2 protein chains.
Amino acid sequence: MSKSITRADLEALDRADPVRAFRNRFTLPEGVIYLDGNSLGAMPSATPNRVTEVVEAEWGRDLIRSWNIHGWIDIQKRIGAKIGRLIGAEEGETIVADSTSVNLFKMLSAALELRPDRRVIISERSNFPTDLYIAEGLIRQLKLGHGLRLVEADDIDGTIGDDVAVVMLTHVNYRTGRMHDMQRITELAHARGAIMLWDLAHSAGAVPVNVTSANVDFAVGCGYKYLNGGPGAPAFLYVARRHQAGITPVLSGWLGHASPFTFEPSYRPGEGIERLAVGAPPILSLTALEVGVDLMLEASIDALRTKSVAQTSVFDALVEQEIGHDVLSLVTPSAPEMRGSQLCYSYGDAWPVMRALIDRGVIGDFRAPDILRFGFTPLYVGFAELWDAVAILKNILADGTWDRPEYHARAKVT
Amino acid sequence: MSKSITRADLEALDRADPVRAFRNRFTLPEGVIYLDGNSLGAMPSATPNRVTEVVEAEWGRDLIRSWNIHGWIDIQKRIGAKIGRLIGAEEGETIVADSTSVNLFKMLSAALELRPDRRVIISERSNFPTDLYIAEGLIRQLKLGHGLRLVEADDIDGTIGDDVAVVMLTHVNYRTGRMHDMQRITELAHARGAIMLWDLAHSAGAVPVNVTSANVDFAVGCGYKYLNGGPGAPAFLYVARRHQAGITPVLSGWLGHASPFTFEPSYRPGEGIERLAVGAPPILSLTALEVGVDLMLEASIDALRTKSVAQTSVFDALVEQEIGHDVLSLVTPSAPEMRGSQLCYSYGDAWPVMRALIDRGVIGDFRAPDILRFGFTPLYVGFAELWDAVAILKNILADGTWDRPEYHARAKVT
């Protein structure tokens, strides 16, 4: 029998953790173990002052002049370029704009335009629903007989035929945490003549990504998860430079125009990635996003990934040791290289168990119908906390406190 | 010869102004006369604390739980309902979402779906460009042979034939300040079988609007102008209840789903106006918007309109008295009932004159090619300030200081 893991072992890991100092750059409430940074990232301590500065000094004092003197007009490209560095894009290939859903619509529209003779969009049946809903909406609108072909993760290879216009996948699955091989699937899509669109919602800031070396065509991603950009932070998109000139944006708004302030009557797309901008961007939310992205850029994504793999591995080992996989069945791949920075367990009463956990200060989340989901954000989660989280979960399961009526009551947002 | 207007006359108007107290609810920099609230509204004094509260206590402390406990999930409908009261909508007919441009795309798409046998979108040649660009993008995407028919304001009546699917007009023109008769044109559009879509960007919070009595089908509008919602604040849209069930949104994102958190694989639209939501909304920017809207709801729009008409009238009378309409030619209709809350003058060297004015603390804006634009926001602009603004403008024109090289240099944002 192998030696059991002790809390002291985890405290030792904390002491040896090279990225531990980043924890002090976040403000988290006392008594909370936050394992939900994959749903809403924690607040960087620098954010409140920076947001106040923009509200009071830029908006309140400099008013409309701030579009020029504080660079509001460039903020979408500026933050976009910073996120680009996190995903291996080159300067001018990324921009922050709108929501992930709206960006998916832009990129799917562009992909179908680039493959006018093909009628199939491939995606994964368990993809995050908005990706599928947006594809449905576009197909319904175009009325050209496009189809959305939904497949299981293991069946993707065999389904990319020469009728496929675009393969749209989320790199790390929101529900299972399973991570696709971006390079391999992109190559496969290209070999069959399809456009490859990756949703990096659970990847950017969580796992190493290099859209350039993987030769990705389009990507979208989220600002409020691992990038710690604040609730509903604007999203980003990536368009490989080789495609930019060929895209006439479907959402052809004035800020994507080549010359927005000459107020020309007809649309002319901006030179590069800026053509994917649409309307005036929400400056206050973008300000918070930039603080989160700047902080992430100080860290090494490889160091974060090393810690993330250690955290998911040790958490699952603790679940096995303290609770047992016969009780909590691991849904996430057990091989670390096949998963992102999260672990999911299926449990029949996952909803009340998660409510009880949150009540005890361990914040993860529930994903329908029966998933306990835990996100690991190495910038601000320590190892000893993982011991405590599993100990609390063990107690809740053992003493049956999760079965109280108040924990069964459903909330609007899960 | 009529008696001239004196500064003392305007001081008397300030003393008698029933909405004067609202000025103290805004924070404006010393030495600035702000006549650009139609481009970016001023900052309510309550905004910084409220935004800090949401950043620190809702995001930082309550984290993901805030979607339920602080009602983030309802914020789009909640603020939407408040804006609805400003435009005469009924509960459940308005929602805050995305940008004006994106909302125009949603509403134009829906209008064309409702009139599948018609192929013409009517708009005004001098409409704000993004409205036209968005229509162009949709037409290009659909490839169904739709056309955008651009007409002059005076020619609208004669051009709404039975081939017209939708009439899309901005109620108050961004460049001339001319205001359309909403009721009359909506009736006319309906008489010809067309859908009526109003852009209220320069109307909401500026002039009385009643979409219910005018029987409007769809409307969109802006949060960062007269609603004082902050830079790039999210926009709103209105859908008359009679149309809601018939709209399957083109941007069918997860937050418009009937049950977003059951993560169903197929899209089912939400029951009412909520189906027009798309992705996660930017909470910090929405927070600031709500402060601005709440403040506006305390005022009487009729009292604001009375003051606005008095302000535009007295400002133009001062321009005539001090400078002369032979020098500054009024582009805005001279009849108050035909204009919104702004005045525009054409002047060959409008650009350097506006730069010089801004340098002297009078902030209006330039609109290409030759427009000096002044917005009047009765909540926080006083009458005596108008005297001072015209006096400064007179001096700049008289002493030629506007002709300095630094005022001719172009900025990125005008």
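Two residues are in contact if their C-beta atoms, placed from the backbone, lie within 7 Å. The model is predicted: local features need pLDDT of at least 70, side-chain atom pairs count only at pLDDT 80 or more, and totals for chains, interfaces and linings use all residues. Residues are numbered from 1 along each chain as its sequence is written, with chains lettered from A and ligands numbered from 1 in the order in which they are written.

**Exercise 1.** Determine which residues Arg175(A) touches and whether Arg175(A) is buried, partly exposed or exposed.

*Solution.* Leaving out residues up to four places away in sequence, Arg175(A) touches Ser126(A), Cys344(A), Arg367(A) and Ile371(A). A residue counts as buried with 20 or more other C-beta atoms within 10 Å of its own, as exposed with 12 or fewer, and as partly exposed in between. Arg175(A) has 18 other C-beta atoms within 10 Å and is therefore partly exposed.

**Exercise 2.** Describe the packing of H12(B) against H13(B).

*Solution.* Helices are DSSP runs of H or I, at least four residues, and strands are runs of E, at least two, numbered from the N terminus. Axes are lines fitted to C-alpha atoms, for helices over the stretch in contact, and angles run from 0 to 180 degrees between N-to-C directions. Helix H12 (residues 350-359) and helix H13 (residues 383-399) of chain B pack at about 125°, their axes 10 Å apart. In the contact, Val353(B), Ala356(B) and Leu357(B) of H12(B) meet Ile392(B), Leu393(B), Ile396(B) and Leu397(B) of H13(B).
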